[in-house]
Amino acid sequence: MSMTVQSQPDRPDPTVIAAQNDAFRKLACLGVPPAQPTQGRMHVTRSLMEAGDGFMAEAVKATGAFDRFEPENDPEGWHDFGAVEIRGETVFWKIDLYEADSDFRYGAETPDNPATTMRVLTIMMARDW
């Protein structure tokens with residue numbers, strides 16, 4: 001079964017948000033500069049940091065390289081969540097979108113506008129969920 005995500009007039013275009021999320025994730029995790037400036041920060045959980053022996057670096061790199069988006073794991077088409085396997089452990093990553101001037105208190109009103117949207121990429125061990 002295939003599913004097509006279509007934009008609606010009162011909703012932002014999911015393909016624009018997906019492209020911005022992908023560009024931010026590749027910048028944060030792989031150091032690949034985006035075509036346009038994108039605001040954001042990356043957080044990793046304590047258990048990921050404490051995994052040792054290069055585990056966190058592998059998880060960050062795998063997060064940046066993730067490209068297996070399907071309707072089951074990306075229903076909105078925003079490319080804002082994924083799971084990767086590192087040494088038999090599942091690692092989740094999630095991008096949340098906030099109003100840039102809200103101190104992370106309010107969701108982005110225009111999530112497809114990189115000038116007013118702050119992205120937060122969180123990478124964590126699935127067992128911490």
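Reply: This is a predicted model, in which local features need pLDDT of at least 70 and side-chain atom pairs count only at pLDDT 80 or more, while totals for chains, interfaces and linings use all residues. Residues are numbered from 1 along each chain as its sequence is written, and side-chain values use heavy atoms, with hydrogens and water left out.

Me: How are α1 and α3 oriented to each other?

Reply: Their axes, lines fitted to C-alpha atoms over the stretch in contact, with angles from 0 to 180 degrees between N-to-C directions, come within 8 Å and cross at roughly 155°. Angles under 35 degrees count as roughly parallel, over 145 as roughly antiparallel, 65 to 115 as roughly perpendicular and the rest as oblique. The two helices, α1 and α3, are therefore roughly antiparallel.

Me: Is Thr-122 buried or exposed?

Reply: Thr-122 lies in strand β4, and it is in contact (heavy atoms within 4.5 Å) with His-43, Phe-92, Trp-93 and Lys-94, leaving aside neighbours within four places in sequence. Buried means under 20% relative accessible area, exposed over 50% and partly exposed in between, with a 1.4 Å probe and protein chains only. The relative accessible area of Thr-122 is 19%, so Thr-122 is buried.

Definitions and conventions:
Helix = DSSP H or I, 4+ residues; strand = E, 2+ residues; numbered from the N terminus.
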